[in-house]
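Let's learn to read a protein structure by asking about it piece by piece. Have the picture open while we talk.

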Amino acid sequence: MSRPSFLVIPTGPGGLTGRKLVITYMKLIKHLPNAMTCGNLLCGCIGMVMALRGHLDTAAWLIGLAAILDFGDGFVARMVNVSGPFGKELDSLADVVTFGALPAMIVFQLCWFQNLGAISYGAFLIAVLSALRLANFNIDTRQSESFIGLPVPANAMLIGAFPLMERYQPQFDAIWKNDIALGMMIAFSFMLVSELPLFALKFKTFGWADNRIKFSFLIASVLLLLFLQFAAIPLIILLYILVSLFSNERKNK
């Protein structure tokens with residue numbers, strides 16, 4: 001029985017060229033995860049400039065874009081089977097800038113604008129704690145399927161929500177734009193180095209039975225975003241912690 005024409009590989013010069021193109025494409029696609037990680041780092045660098053110039057909402061948007069790239073690089077790496085130690089180290093180096101130094105700069109600026117003076121420099125504890133979290137993550141074998149301590153992208157998105165609320169939802173300013181709330185942003189970052197076990201949004205299968213907790217969390221998060229927009233982000237991070245605690249409690253029974 002003859003093969004369909006679309007399965008026939010030409011053997012002439014044209015076919016050879018096509019085969020070379022496929023090989024070249026496969027080589028290039030293997031670099032895509034690291035390219036996405038470098039995009040994450042670039043977002044962090046540009047975000048630092050924006051934060052220094054007072055454009056905190058732009059810096060916050062760059063954290064969001066970097067979070068998408070950070071999630072995507074691992075997904076693509078697994079899809080094309082190119083995960084390795086180099087990519088893991090590069091990912092951590094990018095994250096310490098984008099999800100450590102940049103959020104620290106945002107909080108510093110928020111505190112400085114509130115005339116907190118030297119206290120504002122306490123914001124850079126966020127960068128230090130993020131670096132410690134990332135260094136520990138690379139050597140902690142317990143975190144292959146879940147997390148121990150708050151992930152740095154989650155903490156960065158929590159912080160990035162406040163400039164976006166200031167820009168687009170000023171009705172919430174009275175809730176968070178005060179000394180106590182700003183101090184809590186710094187204090188909350190100690191969750192990064194806590195021993196709190198948290199679930200990871202990694203899926204081995206997509207069945208409801210195996211992922212009930214994850215799907216429920218995602219549905220609740222989408223609903224909160226629809227109703228509260230940027231003000232929902234701190235609530236989503238808090239929900240993430242509470243759902244993890246509930247899930248761990250059930251497992252321990």
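Predicted model: local features only at pLDDT ≥ 70, side-chain atom pairs only at ≥ 80, totals over all residues.

Q: How many helices and strands does the protein have?
A: Helices (H or I, at least four residues) and strands (E, at least two) are DSSP runs, numbered from the N terminus. Here you get ten helices and two strands. Walk along the sequence and the pattern reads α-α-α-α-α-β-α-α-α-β-α-α.

Q: What share of the residues is buried?
A: Buried means under 20% relative accessible area, exposed means over 50%, and partly exposed is in between (1.4 Å probe, protein chains only). In this protein, 41% of the 253 residues are buried. As for the surface, the protein exposes about 14,600 Å², with carbon and sulfur atoms supplying 71% of it; such areas come from the Shrake-Rupley method with a 1.4 Å probe, and for residues only the protein chains shown count as cover.

Q: How do α3 and α6 pack?
A: Axes are lines fitted to C-alpha atoms, for helices over the stretch in contact, and angles run from 0 to 180 degrees between N-to-C directions. Helix α3 (residues 56-80) and helix α6 (residues 152-168) pack at about 145°, and their axes are 8 Å apart. A crossing is left-handed if the near helix is turned anticlockwise from the far one by less than a right angle, and right-handed if clockwise. The α3 and α6 crossing is left-handed.

Q: Which residues meet there?
A: Contact means heavy atoms within 4.5 Å. On the α3 side, the residues include Leu56, Trp61 and Asp70, and on the α6 side they include Pro153, Met157 and Tyr168. By class, the contact has eleven nonpolar, one polar and three charged residues. (Ala, Val, Leu, Ile, Met, Phe, Trp, Tyr, Cys and Pro count as nonpolar, Asp, Glu, Lys and Arg as charged, and the others, Gly among them, as polar.)

Q: Is Pro153 buried or exposed?
A: Pro153, in helix α6, is buried because its relative accessible area is 16%. Leaving aside neighbours within four places in sequence, Pro153 is in contact with Asp70 and Phe99. Pro153 and Gly100 are 53 residues apart in sequence, yet 8.5 Å apart in space, C-alpha to C-alpha.

Q: What does Val97 touch?
A: Val97 is in helix α4 and touches Leu41, Gly44, Cys45 and Leu102, not counting residues up to four places away in sequence. Val97 counts as partly exposed because its relative accessible area is 22%. The C-alpha atoms of Val97 and Gly44 are separated by 5.7 Å.

Q: Which residues other than glycine have a positive phi?
A: Asn115 is one, with a phi of about 60°. Asn115 sits in the loop between α4 (85-113) and α5 (125-139) and is exposed, at 70% relative accessibility. Gln229 also has a positive phi, near 55°; Gln229 is in the loop between α9 (212-228) and α10 (232-252) and is partly exposed, at 42%.

Q: How many disulfides are there?
A: A disulfide is a pair of cysteine sulfur atoms within 2.5 Å. This structure holds zero.

How values were computed:
Residues numbered from 1 in each chain as written. Heavy atoms only, no water.
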